[in-house]
Amino acid sequence: MTEQPDTDVRELADIPAVEVISRAAVMLMSSAAEKLGLSDADPENSPHRDMDEARRVITALAGLITASVEYLGPHAGPLREGLQSLQKAFRESSAVPDAPGAGPGEKYTGPVH
């Protein structure tokens with residue numbers, strides 16, 4: 001018996017690059033929000049809060065968005081806004097705030113205030 005391909009699954013080759021990039025960005029945003037504890041009522045006491053991990057994910061997100069902004073078209077604005085919100089949330093959550101330009105991803109985006 002030969003297996004029939006699942007018609008609900010799209011081949012990666014058939015998915016436009018902007019959709020792949022956008023999906024990756026959304027996954028990174030969700031991960032950063034979780035690691036900042038933003039999904040919990042009390043983020044500072046969230047069991048998922050991990051500022052070091054949040055820094056890494058936000059930096060990766062900033063690199064992805066900055067490197068691909070020219071291809072994102074109308075998706076660029078909302079993704080940049082989401083990134084900036086996460087950068088600000090990180091800054092507000094830090095016990096010892098980074099110097100301007102030294103926060104997560106700021107080497108790619110510039111200082112976030």
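User: Which DSSP runs count as helices, and from which terminus are they numbered?
Analyst: Helices are DSSP runs of H or I with at least four residues. The model described here is predicted. The numbering of the helices starts from the N terminus.

User: Which helix gives the most to the lining of the largest pocket?
Analyst: Helices H2 (51-72), H3 (76-93) and H4 (106-109) each supply at least two residues of this lining. Among the lining residues are Arg 80, Leu 83, Gln 84 and Gln 87. With 4 residues, the top contributor is H3.

User: How much space lies in the largest pocket?
Analyst: The lining includes Ile 65, Thr 66 and Val 69, together with Tyr 108, Thr 109, Gly 110, Pro 111 and Val 112. By class, the lining has 6 nonpolar, 5 polar and 1 charged residues. The space in this pocket comes to about 180 Å³.

User: Are H1 and H2 roughly parallel or roughly antiparallel?
Analyst: H1 spans residues 17-35, and its axis comes within 9 Å of the axis of H2, with a crossing of roughly 160 degrees. Angles over 145 degrees fall in one class, so H1 and H2 are roughly antiparallel.

User: How do the residues of the contact of H1 with H2 divide into nonpolar, polar and charged?
Analyst: From H1, the residues that meet H2 include Val 18, Ile 21, Leu 28, Met 29 and Lys 35. From H2, those that meet H1 include Glu 53, Val 57, Leu 61, Leu 64 and Tyr 71. The division is 17 nonpolar, 3 polar and 2 charged.

User: What is the handedness of the crossing where H2 passes H3?
Analyst: The axes of H2 and H3 are 10 Å apart and the packing angle is about 160 degrees. That angle makes H2 roughly antiparallel to H3. The crossing is left-handed.

User: How many charged residues has the contact of H2 with H3?
Analyst: H2 brings residues including Arg 55, Ile 58, Ala 62 and Val 69, and H3 brings residues including Arg 80, Leu 83, Gln 87 and Phe 90. By class, this contact has 13 nonpolar and 2 polar residues, and its charged residues number 2.

User: Are H1 and H3 roughly parallel to each other, or roughly antiparallel?
Analyst: The axes of H1 and H3 come within 11 Å and cross at roughly 20 degrees. The crossing is left-handed. Angles under 35 degrees share one class, so the two helices H1 and H3 are roughly parallel.

User: How many nonpolar residues are in the contact of H1 with H3?
Analyst: On H1 the contact is made by Ser 22, Ala 25, Met 29, Ala 32 and Ala 33. On H3 it is made by Pro 78, Leu 79, Gly 82, Leu 83 and Leu 86. There are 2 polar and no charged residues, and the nonpolar residues number 8.

How values were computed
Residues are numbered from 1 along each chain as its sequence is written. This is a predicted model: local features need pLDDT of at least 70, side-chain atom pairs count only at pLDDT 80 or more; totals for chains, interfaces and linings use all residues. Side-chain values use heavy atoms; hydrogens and water are left out. On a 1 Å grid over the protein atoms alone, a cavity is a set of points where a 1.4 Å probe fits but cannot get out, and a pocket is an open set with protein on both sides within 12 Å along at least five of seven lines; lining residues have an atom within 4 Å of a point. Grid points are joined across faces, edges and corners, and a volume is the space filled by probe spheres set on the points. Ala, Val, Leu, Ile, Met, Phe, Trp, Tyr, Cys and Pro count as nonpolar, Asp, Glu, Lys and Arg as charged, and the others, Gly among them, as polar. Axes are lines fitted to C-alpha atoms, for helices over the stretch in contact, and angles run from 0 to 180 degrees between N-to-C directions. Angles under 35 degrees count as roughly parallel, over 145 as roughly antiparallel, 65 to 115 as roughly perpendicular and the rest as oblique. Contact means heavy atoms within 4.5 Å. A crossing is left-handed if the near helix is turned anticlockwise from the far one by less than a right angle, and right-handed if clockwise.
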